[in-house]
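Reader: I have the coordinates open and would like to go through them with you. Could you take my questions as they come up?

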Amino acid sequence: MELGNWLAGVNPGGISRVPRRFSGRLIFSSTGSVTENHVSAWLRKDRGALIVTGQPATTDMKYFVLTLLAASAAVATADDAQKAKLMEAGKAAYTNCMACHGADGAGVAIPPDKKMAPSLIGSKIVTGEPAALALAILKGIQKDPANAQILGIMAPLEAQLADDEKLAAVMTYVRGSFTNTAGVVTPEDAKKFREQFKDVKGQVTRAQLEEAGKKKDK
């Protein structure tokens, strides 16, 4: 049963569609055993469809879901505000990266066929698991002798980005710019990555970045 039909009995006019923010998957049992934690977790997902199974749930449960949907709209607004703040701060910080990566993220060209730095557009390091990007930014990347097309060396920025919010801002900006559409990195995420890689000494290799980019089982 679709959400709109399920809620129509308590919401005049029903709900014609589920906002994209709420496009997770939620299963209600006929006994109404779902808890607030279940619904809250569902509201933060980005896949699937909201489906109700079993017998129609109680009116109280319907009101409960409506209340949580309304509350989660406020959460979505707060999330958007945080992203906007991080993107603005990250754009300002990225000016220090333009000398090599360019204003457009494509890498500054050195004629006839070289670049100062690799393109950030669609980069697996940039758009994949954010741990790899954090490692690259914090520790820098060793020059790859096999890649003569790239002239520059990624320097470690751990000292310059000692504040977790600044690190999160730069990461969020490059992951969400230059046609990239990867997710936000929060200051809490940045703090976790900083702790994760605190014992790494010196600039890292591409192999280390590849390992860091592997999705870890939760």
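Author: Gladly. Please note that this is a predicted model.

Reader: Is Thr186 buried or exposed, and what does Thr186 touch?

Author: Thr186 counts as buried because its relative accessibility is 18%, and the cut-off for buried is under 20%. Leaving aside residues up to four places away in sequence, Thr186 touches Gln82 and Ala168.

Reader: How do the axes of helix 7 and helix 8 cross?

Author: Their axes come within 8 Å and cross at roughly 105°. That angle makes helix 7 roughly perpendicular to helix 8.

Reader: Which residues of helix 7 and helix 8 meet?

Author: From helix 7, the residues are Asp164, Glu165, Leu167, Ala168 and Met171. They meet Pro187, Ala190, Lys191, Phe193 and Arg194 of helix 8. By class, this contact of helix 7 with helix 8 has six nonpolar, no polar and four charged residues.

Reader: Staying with helix 7, why is it described as largely enclosed by the rest of the structure?

Author: Nine of the twelve residues of helix 7 are buried, so the helix is largely enclosed by the rest of the structure. The buried residues are Leu167, Ala168, Ala169, Val170, Met171, Thr172, Tyr173, Val174 and Arg175.

Reader: What span should helix 7 have, and how far apart are its end C-alpha atoms?

Author: At 1.5 Å a residue, the twelve residues of helix 7 should span 16 Å. The end C-alpha atoms of helix 7 are 16 Å apart, which agrees.

Reader: Take Thr172 in helix 7. What does Thr172 touch?

Author: Thr172 touches Leu86, Met87, Val184 and Val185, not counting residues up to four places away in sequence. With a relative accessibility of 2%, Thr172 counts as buried.

Reader: Val184 has come up there. How far is its C-alpha atom from that of Asp79?

Author: The C-alpha atoms of Asp79 and Val184 are separated by 9.3 Å, and the two residues are 105 residues apart along the chain. Asp79 is placed in helix 3. At 29% relative accessibility, Asp79 counts as partly exposed.

Reader: Changing topic, how many aromatic pairs does a search of the whole structure find?

Author: The search finds three. One of them is formed by Tyr94 and Tyr173, a tilted pair at 5.6 Å centre to centre with 45° between the planes.

Reader: Which parts does that pair tie together?

Author: Tyr94 lies in helix 3 (residues 59-94) and Tyr173 in helix 7, so the pair ties together parts that are 79 residues apart in sequence. Tyr94 is buried, with a relative accessible area of 1%. Tyr173, at 10% relative accessibility, also counts as buried.

Reader: And what about Tyr94 and Phe178?

Author: Tyr94 and Phe178 form a tilted aromatic pair, with 5.4 Å centre to centre and 50° between the planes. Phe178 lies in the loop between helix 7 and helix 8 while Tyr94 lies in helix 3, so this pair ties together parts that are 84 residues apart in sequence. Tyr94, Tyr173 and Phe178 form one aromatic cluster.

Reader: What is the phi of Phe178?

Author: Phe178 has a positive phi of about 60°, although it is not a glycine. At 13% relative accessibility, Phe178 counts as buried.

Reader: And Thr179, what is its phi, and is the residue buried or exposed?

Author: Thr179 has a positive phi of about 75° and is not a glycine either. Thr179 is found in the loop between helix 7 and helix 8. Its relative accessibility is 69%, so Thr179 counts as exposed.

Reader: Where is there a cis peptide bond?

Author: A cis peptide bond joins Pro111 and Pro112, with omega about 5°. Pro112 lies in the loop between strand 1 (109-110) and strand 2 (114-115).

Reader: Finally, the chain as a whole. How many helices and strands are there?

Author: The chain has nine helices and two strands. Along the sequence, they follow the pattern α-α-α-α-β-β-α-α-α-α-α. Of the 218 residues in the chain, 36% are buried. Among contacts with a separation of 6 or more, 63% are between residues 24 or more positions apart.

Conventions:
Residues numbered from 1 in each chain as written. Predicted model: local features only at pLDDT ≥ 70, side-chain atom pairs only at ≥ 80, totals over all residues. Heavy atoms only, no water. Buried < 20%, exposed > 50% of the residue type's maximum accessible area, 1.4 Å probe, protein only. Contact = heavy atoms within 4.5 Å. Axes fitted to C-alpha atoms, helices over the stretch in contact; angles between N-to-C directions. Helix = DSSP H or I, 4+ residues; strand = E, 2+ residues; numbered from the N terminus. Parallel < 35°, antiparallel > 145°, perpendicular 65-115°, else oblique. Nonpolar A, V, L, I, M, F, W, Y, C, P; charged D, E, K, R; others polar. Phe/Tyr/Trp six-rings, centres within 6.5 Å; stacked < 30°, edge-to-face > 60°. Expected span 1.5 Å × (residues − 1).
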